[in-house]
Amino acid sequence: MTNLTGKTALVTGASRGIGRAAALALAKAGAQVIVHYGNAQKEADAVVKEIIAAGGRAQKVAADLGKPHGAHELARQVRDIVGDRLDILIANAGISKAASIEELTVDDFDQLFAVNVRAPYFLVQQLLPTLCKGSTIIFTSSLVARAVAGSLSAYAATKGAVDTLVKHFAAALGERGIRVNAVAPGVVDTDMSNFTKTEEGRDRALSMQALKRLATPEDIADAMVFLASDKARWMTGETMRVDGGSKL
Ligand code: NAD
């Protein structure tokens, strides 16, 4: 089993879905986890309680990552908690929007890029003083950055931007011993993919995949824990597909 004892981790958007599963998995591996949430305080409390009940260490922090200085506000709180060292940063919080080219509005576009690209960019910038040799950053990309699925062009473009940042950040931060990677899930059974709640939507998802079941948040969280661990010590600048063989 992966051992992250003594490590501190921040997971954004950890009140539900993939972020929640990542927070629980990191804590199970021994890390102290900072559980970030937007406005779902009750759910974030429940994640913290679950970690503590299992003998782990966790606390919650709130910040709206859609606001221009949301990432700065989050980083300030995180620095107060971790001092001068954060080992694992999982930039997971994200929003999606299914809309045709004709339907998408300027506000939709700006909000998608604000939460999915601007916030992780400035979160890394603002947390850089706490990232040291051996620290690792994990972004959350998507299958749709490399393949077309649904009417998700603007959302897909945000994830394409994330893949680009992975390479540039990895190149810039390698000298300091900081690794930067991303996971790219396909369809995962979370609130974001609520189309899978219908039989037709579920069939559509499975028809894209080699493995014939819906991904769970834990399927993605385990890959994040791997990337965060020393087992992935020679991986950086990589977007790792974790999608059950989608759109092969
Ligand atoms: P989700 O909707 O269940 O969770 C998203 C999380 O992000 C929530 O905790 C939410 O509170 C947080 N968040 C959203 N906007 C925020 C804001 N303005 N401020 C602070 N927090 C905010 O979705 P999920 O499936 O768990 O998604 C997690 C990540 O995985 C996202 O980046 C998403 O793009 C990516 N992803 C999801 C799928 C999928 O099929 N579910 C596929 C590929 C990639």
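Start at Arg146: at 41% relative accessibility it counts as partly exposed, a class that lies between buried (under 20% relative accessible area) and exposed (over 50%), with a 1.4 Å probe and protein chains only. This is a predicted model, in which local features need pLDDT of at least 70, side-chain atom pairs count only at pLDDT 80 or more, and totals for chains, interfaces and linings use all residues. Residues are numbered from 1 along each chain as its sequence is written, and side-chain values use heavy atoms, with hydrogens and water left out.

**Stop 1: around Arg146**

Stay on Arg146. It sits in the loop between β5 and α5 (153-173). Element names follow DSSP runs, numbered from the N terminus: helices are H or I with at least four residues, strands are E with at least two. Now show the neighbours. Leaving out residues up to four places away in sequence, Arg146 touches Arg241, Asp243, Ser246 and Lys247; contact means heavy atoms within 4.5 Å.

**Stop 2**

Select the strands. 7 of them form an open sheet, ordered β3-β2-β1-β4-β5-β6-β7, with parallel pairing. Two strands pair if DSSP finds at least two bridges between them. Go to the edges: β3 (58-62) and β7 each pair on one side only. Neighbouring strands are turned by 20 degrees against each other on average, direction ignored.

Zoom in on β1 (residues 8-11). Both of its faces are covered. Thr8 and Leu10 are buried on one side, Ala9 and Val11 on the other. β1 pairs with β2 in the parallel sense over 4 bridges. Pick Val11: its bridge partner in β2 is Val35.

Move to β4 and β5. They pair in the parallel sense over 5 bridges. Leu86 stands opposite Leu131 in β5.

**Stop 2: helices on the sheet**

Select α2 (residues 41-53). This helix lies across β2 (32-37) and β3, and runs at about 165 degrees to β3. Axes are lines fitted to C-alpha atoms, for helices over the stretch in contact, and angles run from 0 to 180 degrees between N-to-C directions.

Now select α7 (residues 217-228). Its 12 residues reach 16 Å from first C-alpha to last, close to the 16 Å expected at 1.5 Å a residue; the expected span is 1.5 Å times one less than the number of residues. Colour its buried residues: Pro217, Ile220, Ala221, Ala223, Met224, Val225, Leu227 and Ala228. They pack against α1 (17-28), β4 (86-91), β5 (131-140), β6 (179-185) and β7 (238-242).

**Stop 3: a helix pair**

Select α3 (residues 70-82) and α4 (residues 106-127). They pack at an angle of about 35 degrees, with axes 8 Å apart. Which residues meet here? From α3 come Ala71, His72, Leu74, Ala75, Val78 and Arg79. From α4 come Ala119, Phe122, Leu123, Gln125, Gln126 and Leu127. This contact divides into 8 nonpolar, 3 polar and 1 charged. Nonpolar covers Ala, Val, Leu, Ile, Met, Phe, Trp, Tyr, Cys and Pro; charged covers Asp, Glu, Lys and Arg; the others, Gly among them, are polar.

**Last stop: His69**

Pick His69, in the loop between β3 and α3. Is it buried or exposed? His69 counts as exposed because its relative accessibility is 56%.
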